[in-house]
Amino acid sequence: MIGVLFDILWIPIGGFLSFLIFISAINKSIGVRKAYVNLLLRIFEYGRVSIETASKENQHIQNPKTDDKQGVQLVDDADSKEGTNGATLITRDAVLLPQPQEPAPEKPVSSTKDEINFDFEKCLDYVKSGVEAIIEDDVTSRFEAEELKSWNMLTRTNRHYEFISWKITSIWVFGFFIRYVILMPLRVLVCFVGVLFAVLSNSIVACLPFRFVRLSLASLSFKITFRLISSSMSSFIKFHNKQYKPTVSGFCVANHTSPLDVAILSTDCTYSLIGQRHGGFLGVLQRALARASPHIWFERGEAKDRHLVAERLKQHVSDPNNPPILIFPEGTCINNTSVMQFKKGSFEVGGVIYPVAIKYDPRFGDAFWNSAKYSMMQYLYMMMTSWAIVCDVWYLPPMYRQEGESAIDFANRVKSVIAKQGGLIDLVWDGQLKRMKPKKEWREIQQVEFANRLKSDST
């Protein structure tokens with residue numbers, strides 16, 4: 001029975017995979033994913049209207065005197081209260097920031113010891129900031145799934161309306177069947193073919209004697225590999241400002257939401273990747289890519305050696321034939337609402353910086369990887385069972401470090417440009433705060449600032 005089924009299916013499946021590899025090689029689309037995304041938008045809109053109607057009817061049943069405006073209040077209140085993670089619920093003056101304050105002007109030395117007259121009201125700003133931070137701070141909310149304004153037929157989101165009416169229940173059950181029974185097996189198969197293609201093609205390309213031919217074919221193999229992998233997630237990507245696409249050796253710097261960021265960007269341009277060596281699935285892909293392309297992989301101990309990392313980066317960008325290095329300076333995944341502090345390492349090396357902004361559409365699936373909650377395999381499983389991965393990518397004009405500009409100021413300038421283009425909140429906080437406590441220096445700066453306030457008020 002299995003043999004007969006295989007004889008029947010291997011021809012259409014083989015033809016489908018061959019066609020997929022072909023259109024990935026020529027970077028063309030036949031419009032299937034675009035039509036699929038547009039269909040999903042119509043279904044989501046129908047679901048939104050149905051949910052509002054069902055909510056109004058349920059409200060009328062519970063309270064017959066409720067008018068139409070109050071009937072839809074159930075849905076409207078939820079939308080207004082959720083206030084997506086991108087918009088803070090509390091408006092506050094930034095009192096505590098992780099950056100040095102301007103030094104206070106020196107006062108003439110006095111023979112008498114400075115007297116500080118303490119009034120409780122002088123610390124109210126700090127008490128207010130502390131209470132607001134307990135309610136909702138600017139850091140921890142960036143490592144939680146982005147909230148949705150309307151339900152996308154996925155029960156893993158913040159909304160659960162699957163049983164609000166028989167129409168919504170029918171759509172949800174049918175969507176569940178499509179995602180888990182039809183799409184997921186096909187996506188797993190396409191992803192496996194992508195990794196297998198990377199292993200085989202790079203092994204062959206690595207044997208070619210001429211460097212120019214080897215690099216050209218390695219670049220094509222690189223892009224086909226990630227086009228196949230992105231296709232396995234039903235990715236629909238819109239690239240903007242292609243005239244600014246990285247062309248020569250340097251650094252491509254982007255905000256970081258997901259491990260899929262690499263696959264998304266690599267469908268349109270060839271990059272050299274940098275990172276720690278891994279085992280398992282990622283290790284197989286890393287070793288395959290490194291056979292024919294100049295990628296930079298570090299052992300765990302080497303990655304902590306900043307001088308060694310900087311030296312290898314300089315060696316790479318000094319060769320104009322090398323592809324630009326793709327780097328995510330935040331060092332951790334942020335939930336598609338903000339951009340957090342950029343590490344200064346790649347901005348110290350020198351060379352051109354190509355800023356890139358990435359913004360995902362959360363209606364089709366949450367691309368954010370919460371590494372503290374989900375393993376890599378769990379995350380890939382969630383992506384394989386989402387509706388699709390839809391995102392916009394903006395290439396921005398190349399940027400150079402100005403004369404007299406520090407690496408930190410340059411990193412902040414690049415971060416600001418990316419945040420503005422992607423519609424993201426520009427935060428000064430270090431993303432590593434989700435794994436570590438605030439630095440001692442930050443607390444000392446605030447202590448000094450508070451003491452200076454008391455002194456100035458007492459004079």
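The axes of helix 6 (residues 166-205) and helix 13 (residues 376-384) come within 9 Å and cross at roughly 120 degrees. Axes are lines fitted to C-alpha atoms, for helices over the stretch in contact, and angles run from 0 to 180 degrees between N-to-C directions. This is a predicted model: local features need pLDDT of at least 70, side-chain atom pairs count only at pLDDT 80 or more, and totals for chains, interfaces and linings use all residues. Residues are numbered from 1 along each chain as its sequence is written, and side-chain values use heavy atoms, leaving out hydrogens and water.

**Helix 6 and helix 13**
- Helix 6 and helix 13 are therefore oblique to each other. Under 35 degrees counts as roughly parallel, over 145 as roughly antiparallel, 65 to 115 as roughly perpendicular, and the rest as oblique.
- Helix 6 makes the contact (heavy atoms within 4.5 Å) through Arg179, Tyr180, Met184, Arg187, Val188 and Cys191. Helix 13 brings Tyr381, Met383 and Met384.
- Helices (H or I, at least four residues) and strands (E, at least two) are DSSP runs, numbered from the N terminus.

**Burial of helix 13**
- Met376, Tyr379, Leu380, Met382, Met383 and Met384 of helix 13 are buried. Buried means under 20% relative accessible area, exposed over 50%, and partly exposed in between (1.4 Å probe, protein chains only).
- Their cover includes helix 6, helix 8 (260-266), helix 9 (280-290) and strand 8 (389-395).

**Nonpolar cores**
- The largest nonpolar core has 49 residues, and Phe226, Leu265 and Leu273 touch the most other members. Such a core is a set of buried Ala, Val, Leu, Ile, Met, Phe, Trp, Tyr and Cys residues joined through side-chain atoms within 4.5 Å.
- Several elements give two or more residues to this core, including helix 7 (211-231) and strand 7 (353-360). Helix 13 gives the most, with six residues.
- A second, separate core of 25 residues includes Leu313, Ile325, Val339 and Phe410.

**Cysteines**
- The structure holds zero disulfides. A disulfide is a pair of cysteine sulfur atoms within 2.5 Å.
- Cys191 is buried at 10% relative accessibility, whereas Cys207 is exposed at 65%.

**Positive phi**
- Most residues other than glycine have a negative phi.
- Asn241 is not a glycine, yet has a positive phi of about 55 degrees. Asn241 sits in the loop between strand 1 (235-240) and strand 2 and is partly exposed at 29%.
- Asn336, also not a glycine, has a positive phi of about 70 degrees. Asn336 lies in the loop between strand 5 (325-327) and strand 6 (338-339) and is buried at 3%.
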